[in-house]
Structure formats: C-alpha cells, structure tokens
Amino acid sequence: MLEDLLGYASRGIIPAICAYLFLFIPLRFVYRVYFDPLSKIPGPKLRLISDSATRLHSVITGGYGRFVFDLREMHEQYGPIVRVFSNEVHINDIDTYNQIYKVGTKFPKTAFYYSYPAAEYSTFAMLDFKAAQIRRAAILPYFSKQAVRKVEGLLQAKIDLFLDRISEMNTINLSRGFRCLICDIITSYSYEKCFEALRDPNFAPGWLLAFEELVGANKICFTFPGVFAWMTWVFETLLSRATVKKLSPEMASMMEFQDHCNTAVLEQQKRWLAGERNIVTIFEQLFQDDPKKGRKAATKDELMDEAFLVIAAGMDTSAHALTVAVYYLVKYPEIQAKLLEELKTVLPNPRSEVKEEALEQLPFLNAVIKETFRFSHGVVNPMARDVPSTGADILGYHLPPATVTLSSHYIYHMNPTVFPKPFTWNPDRWLAQDVRELENYLMPFSRGARICVGVNLAWAELRLTLARLIRRYDISYTDDFTDANMDWVSWFLPITQGMLTVTMKERTV
Ligand code: HEM
C-alpha cells in the first residue's frame, strides 16, 4: 500500500520537476528577456534564468559580498540603468537618486530587503510613509544638533575612558576598540544601560566576538532575508536557550545581548509609567500615546526592536568610519601632520579638552571626515525602493509598479568624474573653492524621508574621537598589520577582512 503511494507520488513528482526545469524555466527566461516590461533594460542576461539560483550561487561563492564591485563594472558596460534581477534595476544617475530619496518620495522601502529579525517592528523596517514619519518624529528630537550638544559631556566621558584605556595596552585592536566606544555611547545615550564594553580588558566582550562570528550569517540574512527570519524564529521560539548555546554559542551570545537591550528599555518604560521623569532615554515619546500626532504608545515588540536598532544602525557604521580614518591617517603621515597642526590650534596640549563647536570650525578635520565617509560608505548594499503604483519613467524606460530600484552609495562615492582618482583617499579635494558637486555625490547617511536618524550624533562621535585621539597619540600599525586587513566585502555594511591593529605612543608636545 505504502509502496503504491510512493510509486504514484514519485511518478507525479519527477515529471513535475522535469516540466519545471525544462519547460517552465526556459519559457520564463525567454519571456523575461524578450517580452516582459523590463526586457528593454540592458543587463547581463544569464542572471535572468533564475533569481533564486543567482542568489544561491552568490551565497555559496561569496559573490553577493562583491556585488557592489560588480555593479560598477556593469554600469560601465551597460550604462546608467542595469537590470540585475528579473524585477530589479540598479541605477547610477544622481538626479534619479535625488528623486527616489527625497522628502515626500513616493518610492517606499522594499519589503523583501527590509525584513530583518530583531528589527522587524522598528522604524527601519517600516514601509508605510505616514507610519514611519510618525515614529521617526518621536525619536528625531533626541538626535537634533542641540540634543547631541546637550549630551556632549557623555560623549567626552566615554572618549576619555577610551583614550585612557588604550594607554594601558601594548597593541590595540582599534576596529574593536571603536565598536566598544560607540556601543557604550549609544547604550548610555539611548537607554542608560551602558554595556561597559570599554572596560573589557582587550576590547573583546563576548557579544562583540559573536557579532563578528555571525557575519557569515549575513550572507543568508541579506540574500534571503525571509529564510533568515525563519531560522531566527526557530532559534528564538522553538529551542531552549540551553539548546541554542549548544548548537550555536554565537547565536546564544547575540540573543543575550538582545536580552540586555530589551530589559533596559522595558525597565525604563516601567519606570516612566510609574511616574519617574528624570530618565535619560530617547524613547520617552514612544512610551506614551500622542493623539494629536496620531501616535499610539509603542508596543513591547516595537520598543525592543527600536532598542536593538539604534545599536545595529549606529555601532558598526560609526566605528567603521573611525577605523577607515585612522587607517588612512597612519598610511599618509603627511596628511596626519597637516591635521595635527590644525588640531593644535584648538587643543594646545595632547590632553587638552575641546568642544565639538570648536572642531566644527576646522576645515581640514571636516575634510578628513568627509573623505572618510566617502570611503566608509555607511550602508554599502544597494538600498531598495519600490516603484509606486503609478509606475515611473526613469532614464528613458517605463518601470511598472513594484519594480525594485536599487542604489548603491559606493557607485556614487567612487564616481571618477566627480572624484578624480576616486580610490585615492585625499581630504584636500574637499577644500576646493566649489564642492557642491562633491557634496551632491556624498550620501553616506542616505537622503530624504528615510535619511539616517543619527547623523548629528555620528558627526559628533567622529569629530571628537578623531581630534582627541590624533592630538594625544602618535599611532603606528603593528608589524603584522597589512593593507589587506582593510579590504572589505559588502554585507549590508562594509565588512573588513581583518582588523586595524596599532601601537600608540603618548605625544609629549
Ligand atoms: C557614520 C555613522 C552612520 C552612518 C554612515 C549611517 C548610515 C545610515 C543609512 C545609509 C541609513 C539608511 C538605510 C536604509 O535606508 O536602508 C541609516 C538609517 C538609520 N540610522 Fe544611521 N548611520 C550612522 C550612524 C547612526 C547612528 C549613530 C544612529 C543612532 C544611534 C543611527 C540610526 C539610524 C536609524 C534609526 C536608521 C533608520 C531610519 C529609517 O529607516 O527611517 N545611525 N543610517
């Protein structure tokens, strides 16, 4: 009986698979290449055989991590718009970028690319314009320039600790040190729960190592977000924490880290609801309804995901930018010397203190940071936005509703016409008479309705940390450091192949 059933099943399944492979896929390929609405858009045709197969291939070979480099070549070959998946086009045209990423845009985020577990209920994953605007409006006041100025003391205190800690170390892993610094700033600033990462003897707390280990999972997370969400659900809901620990200590460590964030924000909510008002938090508005603004108090899931998001969004981005800056300042001593001379005008002694306000006035420091942002990119995977229900006419093609448009900042930051010798780190280019065109092509924080919430905080972190670090220490690479350590691949953020390891000597004058 069972054998009969299996026989019938296999007799049905095998022809179905054959029909799918030898009839459906070839016919669909022909349709995609010659007949569908995107068929006129140039691009490599083989990718159109199967999106899933192309993605799977890139996971196995690591190709998706190099996708942004391939995109540059594709644009050189095919022009400013390239069809990269059956329903996705990548665009390299600044006017189109500024239309898609403007305030009041009609292009929402693409669900497929914004469904990360742990950020599912956060601002980041909100697709609806109105809902996102309401949520952002509740958080943005805590990230305004004035708000960041108010907590400058907190930033300075963490930077003091960082600078003192490195004086105790022989060799310093700066990639990790910067992450610890930024993590402690964000967690203290956002919900009073400093993770004390800077106090770890080697800037290597367990959760940070877990973060690094889990980068491999990014391959799945950013190539097949749905699959990753499902795997995370299994880890979180079906398995006990002890089992997760046995199966994947890294995953367990990450979950513990998340638990800390969750506990901190929920504890704050409890205190706030009990009437306490003297709380350092960026979530105060989210603890309460605001009928005038059409906002309901955030749910538990929303609060927990927002708490995790600020670290996920703010830690590696800022820390990577700091790493890139120091890497190049050590590589080019003459540029570092020029910066040091400028810094001495506001920091007379190696251990002097300085306010961000004074650093804002230093042209070369700000040029160094802009050139650093051009190289660190922020989010480096192409950001995905859907064509609205009206369709869109872009670069001579009509894109039907729900076509996915992709834009990689890397492509703009490395534009050779706007930035001659684009791969040369050269802060002086930002000191030219007219830098409007350069500014137009620099968008590490994205633009418009969904621009990064933490821009002012990130600038303050970069200005204060770089100025005080370079003024106080003479930095050299360790003997085993090589430039290859700083090569990166793109797993949403740029992930370097190794660490920036340095030795430092206190300056005496
Ligand atoms: C150098 C530092 C940083 C860079 C380059 C950066 C870059 C970006 C970019 C490009 C986006 C848009 C992503 C997308 O649309 O897919 C973004 C979003 C966001 N960033 Fe940042 N970021 C930085 C630091 C921070 C910091 C310090 C925070 C807060 C602590 C933060 C919070 C956020 C949030 C909440 C969003 C989501 C906004 C939304 O979806 O509406 N970022 N960031």
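Guide: Terms come before counts. Helices here are DSSP runs of H or I with at least four residues, strands are E runs of at least two, and both are numbered from the N terminus. Also, this is a predicted model.

Visitor: Fine. How many helices and strands does the chain have?

Guide: There are 20 helices and 11 strands.

Visitor: What is the order of the strands in the open sheet?

Guide: Four strands make up that sheet, running β1-β2-β7-β4. Its pairing is mixed.

Visitor: Which strands stand at the edges?

Guide: β1 (81-85) and β4 (383-386). Each has a single partner strand, so one side of each lacks a neighbour in the sheet. On average, neighbouring strands in this sheet are turned by 30 degrees against each other, ignoring direction.

Visitor: And in what sense do β2 and β7 pair, parallel or antiparallel?

Guide: Parallel, over three bridges. β2 covers residues 88-91 and β7 covers residues 404-407.

Visitor: What stands opposite E88 in β7?

Guide: V404 does.

Visitor: What holds paired strands together in general?

Guide: Strands of a sheet pair through backbone hydrogen bonds, parallel or antiparallel.

Visitor: Switching to overall shape. What is the radius of gyration?

Guide: The chain has 25 Å. A compact globule of 509 residues would be near 23 Å, so the two agree. The C-alpha trace spans about 85 × 55 × 55 Å along its principal axes.

Visitor: How much of the chain is buried?

Guide: Buried residues are 38% of the 509.

Visitor: What about contacts between residues 24 or more positions apart?

Guide: They account for 72% of the contacts with a separation of 6 or more.

Conventions: Residues numbered from 1 in each chain as written. Predicted model: local features only at pLDDT ≥ 70, side-chain atom pairs only at ≥ 80, totals over all residues. Pairing = 2+ DSSP bridges. Axes fitted to C-alpha atoms, helices over the stretch in contact; angles between N-to-C directions. Rg over C-alpha atoms; globule rule 2.2 N^0.38 Å. Buried ≥ 20, exposed ≤ 12 C-beta atoms within 10 Å, placed from the backbone. Contact = placed C-beta atoms within 7 Å.
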